[in-house]
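Welcome! Take a moment to look over the sequence and the 3D view, and then let us walk through some of the features together.

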Amino acid sequence: MNECLLEMIWVIVLILLGAFIAPILDGLRRKIRAKIQRRIGPPLLQTFYDLSKLFNLQPVLPFKNMFIVVSPYIAFATLLVLSAAVPLPYVPGFSTVFDAITLLYTLLFVSVLVVLLGLALPNPYSNAGSTREALTITVFEVFIAFTIVGIAYSMKTLNLYGLAVLYGFPKNYLRISTLFLSASLFILAYIESAYTPFDMGEAETEVLGGPYLEFSGRYYGLFLYALLLKRYILLSLPVSLVLVSPIAMMLRAFIPEPLLSVVVLGVFVLFLFITMSVYSVVEALYPRYRVDLAFKPLILASVIPFIGLVMGWLGW
Amino acid sequence: MIMYLVGTLFGAMVSAYILAILSSLVLRSNYTLSIRAGLSFVFIASLSQLILSSIIVVTGISACLYGYFCIDSFSALFLIVIGLAGLSISLYGMEYMKIYRGLGGAWTYSLMVSLFLFSMAMLCISNNLLLFVFFWEIMTLTSIILIGWEYGKEYVARATKQYLYTMLLLNSFPLILGVSMLWASYGTLQLSSLEKMIDTHNLAWLLSIVMLYIAFTAKAGLYPLHFWLPDAHPAAPSNISSLLSGVMIKMGAYGLFGVMLRYLHPPIILYYLLLIQALLSIFWGSIKAISEDHAKRLLAYSSVSQIGYIMVPLSLSAISLGFNKALSALLLAAGLAYLFAHSIFKTLLFLTSGCYIYVYGSADLDNVANIGMVSKTAMISIIIGSLSLAGLPPLLGYIAKLSIYASILRGASPLYSIIAAIVIALSPLTLLYSVKYMAPALRLVEKKMIREKIGYPMTAGMLIPVVSLVLFGLYSIFGLFTDISWRYYSPVTSTAPIEAGLIHVISPYGYYLPLIVSASIALGLLLGYIDRGRDVVTSRIWTTGYIIPPNKHLLRPSYLYIEFSKLFKPAMGFSHEVYECLVWRIPSKIVYSGIASRITRFFGGLNGWFATKARGLAEKYSRIKEFKLDELAGSSVLAAVRMFGNMARLIIVSPIALFTTALLILSIIVLIILLFWWV
Amino acid sequence: MVEFWMRSIEDLGREEVMSIVDKELHGLYTEKYAPTRDLIIYFAPRENIREIIRRLMMFSYTRLSVIVGNDERYFRRDFSLTYIVSFDKQDLYIGVRTYLPEYDLEIASIADMVKAAWWNERENRDLYGIEFIGLKDKRKLVLPEYWPDDAHPWRKDYPYNKPVMDWREGLPDYKPVGRHEDLDVIGLGPYHMINDEPIHWRLYVKGETIVDAEHRGFHNWRGIEKIAEGRLTYNQIPFIAERICGICGFTHATSYVQAVESLAGIDIPDRARYIRSLMLEIERIESHLLWIGIACHILGFDTGFMLSWKIREHIMHLAEVLTGNRKTYGMDIVGGVRRDVLGDRLGKARDSVKKIRYEYRELYNMLINNSILVKRTRGVGVLPRNKAISYGVVGPVARATGLDIDVRRDHSYAAYKELSFDVPVYSEGDVLAITLVRLDEVFESLDLIEQILDALPGGPLAVDVKDIPENKEAVGVVEAPRGEDIHYVRSGLYNKIQRWRVRAPSYANIPPVKEMLIGYRLADAPIIYASVDPCLACTERYLVIDVDTGSKKIMTDDELRAKSRKLSTRIG
């Protein structure tokens, strides 16, 4: 029963971590972007202030409709629970029962919810934003498919916890296929998070925030929070598997089990910040794609996981 | 005791179907009454069929009648599919057929629907190819009449004719030819005897296999032979379209796997062909569905693509039969799970498209809006059905899709992984068109053209699939399908579960994922319920400063993916032209006009001959009076105990399971509250 | 249409062209006179106007600059319309004037033939009540929809301070021209992310593809010319003219004073000419950098936006060093400039130009090497050359479609004749070409500033202006950052002007945006619209007082004054 209690505690800890660190990561992103643009930029906790401002505003909506009112809560609650499923080696959470496909499809579920809302409102801007979002998801799925299949082939599992542990083993880690698949994981997290070249869906200067256009107050705040959580969960995939897992593997020899989890969590947070900084630098360097221009790079990018898959077949 | 129960239920089912036919004939002067009476008996028949087949699936027994009809777990699954669809459409049709009152002929409708369902049920359990063909032909015949229900309309007439000719040329003709050749070479049509007699060096065997393959793929609507489907399915009344897409095309799958693979030892190369056809179906159906803006045509194309999803794991199962039986069983289970899921949600979706027609008078996606204002149930049905179609957690569609991915990934070889990649990569196309189907109905704009309000029978008819999608989604029933598939390959031992096969790809606790997701959704619902938009101020839609009428100020559904569809336009246009020429223009000038009448007469005669033959056979065997049921009751009790034991063990042992169960209970309570408050 | 051939006159001299035009228009006009060196006015009956314009437009390449309406009932009980056609290569403006009696205000429209007349005719219809027969678009252009049809504010008997009628009677009702039942409508503006100033584009779309577009602007039009005509003296007007626009204010002031100087025959001192050129070039750099920033922002490239505006800070600081103001320099008066550029500041200016050039080159390389930026702009919003000619586009938009026109070189003014510079010309006509023209021009302007700083002559700042002759007319023209900014001025009695017509470059460049939008995506619409660098303040001639608040908190008046004083001290 002690173990069960521990698992429950870790689930709660991971949810709290997600809720807390997602806005901070966004704050970091804004700060670094500001530095590249030679501005001072907002403080690190600015996203918290923004959210608290949004939560305290009186919401103005075009319709008082249950579908509109409930959807932000569903999106937020789902992603909050999902943030307990981030894969971390030697940290038991929901990741012990989640597999990668379900994780991605649950993220997809939230995106579809947003897309639906955008299409339900009679506003062409949100309609256009939703359509772009859906098209981007569709075209990028080729990349995701190769990545998933490649990882399933190389690691022989899609269970998140299993992946997080197995990835660190030298026989898995030191392979050419793993190199390509790791790169794909980083790209996947970047593109799925809709950072700048790929933020067609909510392009502010074109479609005024797309699906979120008609939302305000705490409803927009919830969507924003959900988006940040989604980015955090996506970011945690490559960070945990590629960066944290081998380090945890090394640390395992020196640190006893219960303490190891805490150390892994610390390392994880550290690498989250580092990866986020790199992402922010990349993001600052590019303008936004038009959705039809983005098709080609989105499809072409899938060459990388495909090479990983082929290498896996060859046993490299 | 179970034997008697099964016998009684079977009797009840058959007699209810016959009563449905009789009652509709007796009451033929009264439109409403004849439909209601007929459909009530269909409801009873479906219910008993459902209970019967559920018992058989859960217990794992098989029951035989004269040796000519045989129900085992595999065909019982198809009976479940038919029964569930029958339940919904019989309730739904009672109200929905109101809009066809002007056409009259209600008794024909009841007669045809009951015959249609009856023939499908019977062909799934017939153990004799002759009976199989007989019921198959009844199915085709009744479906032709039902498709041509509004024969006065030009597109319906065209679709019916096309369906008729296609079925004659590509379905009945090869089927009868193939069966005749088998009879000519082996002298028997009893499947269990054929299985032992088949020799794989016989040319007649090969030819007949090819013939049957053509017939079954044409019925299933697989890629090159799918062209009749998108015209025929939308032409019928919506509850019939439900049956056509939800049930009838699965009969092709039954033919391929319940008859051919099981008894006729087909060459495996055929199943590679099937795999390619299935992949092409997925792609082609999705692409066409995305560019379609008529709700029912969109769903029909979606059926083309979804039958591909069903056939991919099934054909892979046949392919891997030779070298990995466990994998093969797993793949079969995944295919059956998807077949089951697809039948439920496609039935539901066609019923909701019927709501479009019922409420707005048209199934054009540009004409529908704000269905939630008319009926909350219809809105929920559309959302649940489309999300299932898109394969999103935590609904049944997702479980089925996940089992496909997981089982294909289990076959760790380049072929399997590349097919898994293709299937995963194509899946969001489904998402695109399901969003396109669902979003217009949720558009929050005023719609003045409302023809009829949706009443209780239609609501009830749609609620049945909705509830099944949610409940079956909550507790993955994948284990049941692995049982079925295991029994399919080794009918004697039903005690070797292969859930263990999934461990490598998805987690051992995989069944609890939907619970976690749905618990979080329920949490969101609860929070939303608490919020309830208490201090929301409403204001006009943001039109950037100028007043623009809200029904103009949006992107209409038909243009939504116009940029994306453009990518495939050349291929689509070319293919359309080719089909138009090959299937419609040239044949209608040359074949259909002159030769077709003769062929029709010829096949009519052939059918008649078969009918007399069947009648003679029936007379011959009518002397035997008792049911012969297999004595496997003991093992079925064991299976049930094992299943519940597994559940209990998992719940007690795993804390996460406990946690999710608690969340589940919470979510159910919340759902009930919300349903009361919404509806 | 067989006779619609083009006659190339690009290589011919001014005298030659004048005689050709005389020959061409022989018999169609009654008399002609030349008020100033570069303006010739032909008088013609209204029946001949269409034919005359057709013949003038047959030369390659001429363009209709502006149609000036005038209420001349004080002189001859008539209204007049003057069609000013620009012969760019010959430094020549040819005006065709017709008089319309008060009781019969009808004339054939030329908008079907020359697209540039479209807005001009609508404006004259609104303001003078002149009916253009055959004009398809009968909507109001500058006046609001609810304005009564019989009130024409620019007639002289309509007082400048007459209150607007009771607008509460009806809501402003937009009447769409297009009948597109099968298309969806997207309103773009007046309150849209990309609109810094109010304009309404109504896009008719199929999916995201734009099938048709309509424009409605002039939400802030308030008749600044009327105020000038009625109340201000000649030397007050430059200051109000400079406040027409917050970005290219100095070009308006310069354009106006040049028109007045031209009609009065005043030669201004050399130093004044050089200082004017200096300020114009500083303004051009500032405006282009602003546009580059906005274009980057629209394309989602905020880094480019921030860096570009950072360089713009330097140039505004330079302006502050030289004139004491970051914007709205207040330098121009009739006869010269008000304030001198002191010697010790020239060194600072040279340093800052060097700094700007270095930083700008970095930005330039960053932008043109950014593949996505190029992809987003290449082949987008193409304006075909024949349409560009018909719409009479000017400035970078014209130069991007291969029309080699630049007022600085063609109708040379200020000190440009003595300076050397290149005019970048591209021929693709897409947004990328327009962008490249602007990017190149910044380098040219930096060169020009350096040349001016080197060659700044000494001498007085302004001449004494005694009297402005009555009832004379002239055009003043300046190459604004957005193109040819033309001011028509006619002097009146009592030391007041009788008619002042401002035709800002955006007035010529915004109408073709309608054509540029068609066929492209909703995603392209903002950048296509922004590519002409629309300056609605100029177009609609409302007042913009550019407030650059660099401070973080809101300051009281006293604080602000103290801070300005401190800043000035620091600069001094």
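## Chain A as a whole

Of the 316 residues in chain A, 65% count as buried. Please keep in mind, as you read on, that this is a predicted model. Chain A holds 13 helices and 1 strand. Starting from the N terminus, the elements follow the order α-α-β-α-α-α-α-α-α-α-α-α-α-α.

How does the radius of gyration of chain A fit with that of a compact globule? For 316 residues, such a globule would have a value near 20 Å, and chain A agrees because its own value is 20 Å.

## Two helices crossing in chain B

In chain B, have a look at helix H13 (residues 325–360) and helix H18 (residues 456–474). Their axes come within 9 Å and cross at roughly 145°, and H13(B) passes H18(B) in a left-handed crossing.

Which residues meet where H13(B) and H18(B) come together? From H13(B) there are B:Ile344, B:Phe345, B:Thr347, B:Leu348, B:Leu351 and B:Thr352. On the side of H18(B), they meet B:Gly461, B:Met462, B:Pro465, B:Val466, B:Ser468 and B:Leu469. Sorted by class, this contact has 8 nonpolar and 4 polar residues, with no charged ones.

## Where chains B and C touch

Chain B also reaches chain C: 14 residues of chain B are in contact with 14 residues of chain C. On the chain B side, the residues that touch chain C divide into 7 nonpolar, 4 polar and 3 charged.

## An open sheet in chain C

Now turn to chain C, where 3 strands form an open sheet in the order S10-S11-S12, with antiparallel pairing. Strand S10 (184–188) and strand S12 (209–216) of chain C are the edge strands, each pairing on one side only. From one strand to the next, the twist averages 25°.

Strand S11 (residues 200–206) of chain C is joined to S12(C) by 7 bridges, and the two run antiparallel.

S16(C) and S17(C) form a hairpin with 5 residues between them. In the turn, C:Tyr494 has a positive phi of about 55°. The two strands pair in the antiparallel sense over 6 bridges, and C:His487 stands opposite C:Val502 in S17(C).

Is strand S17 (residues 497–503) of chain C mostly covered or mostly uncovered? This strand is mostly covered, as 7 of its 7 residues are buried.

## A buried arginine

C:Arg482 sits in the loop between strand S15 (473–480) and strand S16 (483–491) of chain C. Why does C:Arg482 count as buried? It has 31 other C-beta atoms within 10 Å, and a residue is buried if 20 or more lie within that distance.

What surrounds C:Arg482? Leaving aside residues up to four places away in sequence, C:Arg482 touches C:Cys248, C:Gly395, C:Pro505, C:Ser506, C:Asn509, C:Asp533 and C:Cys535. C:Arg482 and C:Arg284 are 198 residues apart in sequence, yet 8.6 Å apart in space, C-alpha to C-alpha.

Notes
Residues numbered from 1 in each chain as written. Chains lettered and ligands numbered in written order. Predicted model: local features only at pLDDT ≥ 70, side-chain atom pairs only at ≥ 80, totals over all residues. Pairing = 2+ DSSP bridges. Helix = DSSP H or I, 4+ residues; strand = E, 2+ residues; numbered from the N terminus. Axes fitted to C-alpha atoms, helices over the stretch in contact; angles between N-to-C directions. Buried ≥ 20, exposed ≤ 12 C-beta atoms within 10 Å, placed from the backbone. Contact = placed C-beta atoms within 7 Å. Left-handed = near helix turned anticlockwise from the far one by under 90°. Nonpolar A, V, L, I, M, F, W, Y, C, P; charged D, E, K, R; others polar. Rg over C-alpha atoms; globule rule 2.2 N^0.38 Å.
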